[in-house]
Amino acid sequence: AHVVDAHQPRIIQLVWSTILFFELPEFRQEIIQYKASRLIQGQARRFLAMKSYHIALRGCLSLQSLVRGVRLRTRVIEMNTAAREIQKIWRGYDAKVRYGFELLDIITVQSVVRRFLACKRVTLLSKRTHASIQIQEIWRGYDQKIQYGFVLLDIIRVQSVFRRFLDVRRANARLNGIVTIQSVTRIWTAMRTVARCQNAIVTIQSSMRKSLA
């Protein structure tokens, strides 16, 4: 009796399989109900699977749109920051060049005035014995000042170019570091979100299968 009870589900399953295989007319109503229940279960499982798939698809699309929006906003912020940095460097360079030209103009005006005063002094010293020596001293002083102005302008230009190069190099290094950190953070966040979505989908599927079973 214990052996029969143990094998009773297997025996019932074997008998039912035999009935379904030969389609006995005595069990026609039960066979129709069994096939209908299997068809209904299949359609229900298909409907639930499609619904779960659509929910997961909408979640993935929402996640993708969110990630793309964050990347686009970050790219716009980086471009704005780079544009401001370039404008700042260019304005500094332009201000330094203008300062150099204005300084050169001032030196030129000063030299003209001094030349005028020197010429006036020369006319006063022309009657003296050492007038030629005074003229040579004035001319040498004027020539040295002009050369000093050009050298100062060249130094200012070289300094501005070198500082701009250093600023661009520092800005590029800082921007590369920020982009690397942001990309690693976004990848980690996206992988974590995808893992949560997958765990949620697996949990929902297992719950539905248990409820249907």
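This is a predicted model: local features need pLDDT of at least 70, side-chain atom pairs count only at pLDDT 80 or more; totals for chains, interfaces and linings use all residues.
Student: How much of the protein is buried?

Tutor: Buried residues are 11% of the 213 residues. The protein exposes about 17,900 Å², and carbon and sulfur atoms supply 63% of that area.

Student: And the contacts, what share comes from residues 24 or more positions apart?

Tutor: Among contacts with a separation of 6 or more, 71% are between residues 24 or more positions apart.

Student: New topic. How many aromatic pairs are there?

Tutor: The structure holds two aromatic pairs. Trp90 and Tyr93 make one of them, with ring centres 5.6 Å apart and 40° between the planes, and this pair is tilted.

Student: Where do Trp90 and Tyr93 sit?

Tutor: They belong to helix 3, which covers residues 28–125. Trp90 and Tyr93 are three residues apart there, so about one helical turn separates them. Trp90 is exposed, at 51% relative accessible area, while Tyr93 is partly exposed, at 24%.

Student: What about Trp139 and Tyr142, how far apart are their ring centres?

Tutor: The centres of those two rings are 5.4 Å apart. The planes of Trp139 and Tyr142 are at 40°, so this pair is tilted.

Student: Which helix holds Trp139 and Tyr142?

Tutor: Both are in helix 4, residues 131–212, three residues apart, which is about one turn of the helix. Trp139 counts as exposed at 53% relative accessibility. Tyr142 counts as partly exposed at 23%.

Student: Back to Tyr93. Which residue has its charged end over that ring?

Tutor: Arg164 does; its charged end is 5.1 Å from the centre of the Tyr93 ring.

Student: And Ser111, is that buried or exposed?

Tutor: Ser111 is buried, with a relative accessible area of 4%. Ser111 lies in helix 3. Setting aside neighbours within four places in sequence, Ser111 is in contact with Tyr142 and Ile146.

Student: Salt bridges next. How many does the structure hold?

Tutor: There are three salt bridges. One of them joins the side chains of Glu78 and Arg75, at 3.9 Å from N to O. Glu78 and Arg75 lie in helix 3, three residues apart, about one turn of the helix. Glu78 counts as buried, at 13% relative accessibility.

Student: What does Lys88 meet in a salt bridge?

Tutor: The side chain of Lys88 meets that of Glu85, at 3.4 Å from N to O. Lys88 and Glu85 are in helix 3, again three residues apart, or about one turn. Glu85 is partly exposed, at 25% relative accessibility.

Student: And Asp94, which residue is its partner?

Tutor: Arg98 is the partner, at 3.1 Å from N to O. Asp94 and Arg98 are four residues apart in helix 3, about one turn of the helix. Asp94 is partly exposed, at 24% relative accessible area, whereas Arg98 is exposed, at 54%.

Student: Last one. How many disulfides turn up?

Tutor: A search of the whole structure finds zero.

Conventions: Residues are numbered from 1 along each chain as its sequence is written. Side-chain values use heavy atoms; hydrogens and water are left out. Rings of Phe, Tyr and Trp (its six-membered ring) pair if their centres lie within 6.5 Å; planes under 30 degrees apart count as stacked, over 60 as edge-to-face and the rest as tilted. Helices (H or I, at least four residues) and strands (E, at least two) are DSSP runs, numbered from the N terminus. Buried means under 20% relative accessible area, exposed over 50%, partly exposed in between (1.4 Å probe, protein chains only). A charge sits over a ring if NZ of Lys or CZ of Arg is within 6 Å of the ring centre and within 35 degrees of the ring normal. Contact means heavy atoms within 4.5 Å. Accessible areas come from the Shrake-Rupley method with a 1.4 Å probe; for residues, only the protein chains shown count as cover. A disulfide is a pair of cysteine sulfur atoms within 2.5 Å. A salt bridge is a side-chain nitrogen of Lys or Arg within 4 Å of a carboxyl oxygen of Asp or Glu.
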